[in-house]
Amino acid sequence: MLHEEEGDLESKMALSAAVMADKSRSRMLCALMDGRAWTATELSAVADISASTASAHLARLCEQRFVVALAQGRHRYFRLAGSDIAELLERLMGVAWATSTPRRITTPPGLRHARTCYDHLAGEVAVRLFDTLVSRQWLTPDGETLTPPGQEKLAQMGIVLAAGSSRRKLTCGCLDWSERCYHPGGVLGATLLRWFSEQRWIKTEQGSRHVIFTPLGIRKLETEFGVKTTR
């Protein structure tokens, strides 16, 4: 019985790996890492394939629960199934980068500086933010625990973390695939990105993971968190 269960798990792992093995599907998944919902037409353009081929790929991604479909009126949108899928993709990007030969950095400077990693901030600025949270002892070095002083300081700013009933970690270190260091992940990372947006510290563009810090955001991130956004 145990052997059968192991065999079933191995088969499911192979199916999951096969979903990401196709270049067109990989392009779609990477596009969806911006955390937004995309139409099949938009994703077909990103993958540079026909609409019918894109529909077939999206059906496969939905079947394997990498992507979910959302209906709004007569339109249908697609987005990543959840943060666990986004974290898997981010880690896979890191593995792909680390094993590339020759090892060259081809990430556009803007994306490397600051980008979204599904629902939290990634890139150079996010790594600096993680390091600052640790140096101030607001966060443990492994990123797994927000300390009482950290909770108090964030609460004073109006940043309150609510884990709710989700199985997602309250906080964790997410390995940044371009910087090879941790940036804030989990509920903490998602809350910070959402709060930055609400405070108008950042702005994003439809169809891009690039994050741009506003003049207010540049000033506030340095005064409130001690993080410089300049290169």
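Just after helix H7, Gln137 has a positive phi, about 60 degrees. Helices are DSSP runs of H or I with at least four residues, strands are E runs of at least two, and both are numbered from the N terminus. The model is a predicted one, so local features need pLDDT of at least 70 and side-chain atom pairs count only at pLDDT 80 or more, while totals for chains, interfaces and linings use all residues. Residues are numbered from 1 along each chain as its sequence is written, and side-chain values use heavy atoms, leaving out hydrogens and water.

**Exercise 1. Work out how H4 packs against H3 and against H2.**

Step 1: Two packed helices are described by the angle between their axes and the distance between the axes. Here the axes are lines fitted to C-alpha atoms, for helices over the stretch in contact, and angles run from 0 to 180 degrees between N-to-C directions.

Step 2: Start with H3 (residues 40-47) and H4 (residues 51-63), whose axes come within 9 Å and cross at roughly 105 degrees. That makes H3 roughly perpendicular to H4; the cut-offs are under 35 degrees for roughly parallel, over 145 for roughly antiparallel, 65 to 115 for roughly perpendicular, and oblique for the rest. On the H3 side Ala40, Leu43 and Ser44 take part, meeting Ala51, Ala54 and Leu58 of H4.

Step 3: Turn to H2 (residues 23-31). Its axis is 10 Å from that of H4, at an angle of about 70 degrees. So H2 is roughly perpendicular to H4. Ser24, Arg25, Met28 and Leu29 of H2 meet Ala54, His57, Leu58, Arg60 and Leu61 of H4.

**Exercise 2. Trace what surrounds Asp176: which residues does it touch?**

Step 1: Find it. Asp176 is in the loop between strand S6 (172-175) and S7, and it's buried, at 0% relative accessible area.

Step 2: List the neighbours, skipping residues up to four places away in sequence. Asp176 touches Glu90, Arg115, Ala122, Gly123, Val127, Cys181 and His183. Glu90 is 86 residues away in sequence from Asp176, yet their C-alpha atoms are 7.4 Å apart.

Step 3: Pick out polar contacts: N or O pairs within 3.5 Å, where within protein one atom must be able to donate a hydrogen and the other to accept it, and residues adjacent in sequence count only if both atoms are side-chain atoms. The Asp176 side chain reaches the backbone nitrogen of Gly123 at 2.6 Å, and at 2.8 Å there's a polar contact between the side chains of Asp176 and His183.

Step 4: Close with the partner. His183 lies in strand S7 (residues 182-185) and is buried too, at 0%.

**Exercise 3. Are Asp48 and Arg200 buried or exposed?**

Step 1: Asp48 is in the loop between H3 and H4. With a relative accessible area of 66%, Asp48 is exposed.

Step 2: Arg200 is in the loop between helix H9 (186-198) and strand S8 (202-204). At 65%, Arg200 is exposed as well.

Step 3: Neither is a glycine, but phi is positive in both: near 60 degrees for Asp48 and about 65 degrees for Arg200.

Terms used
Contact = heavy atoms within 4.5 Å. Buried < 20%, exposed > 50% of the residue type's maximum accessible area, 1.4 Å probe, protein only.
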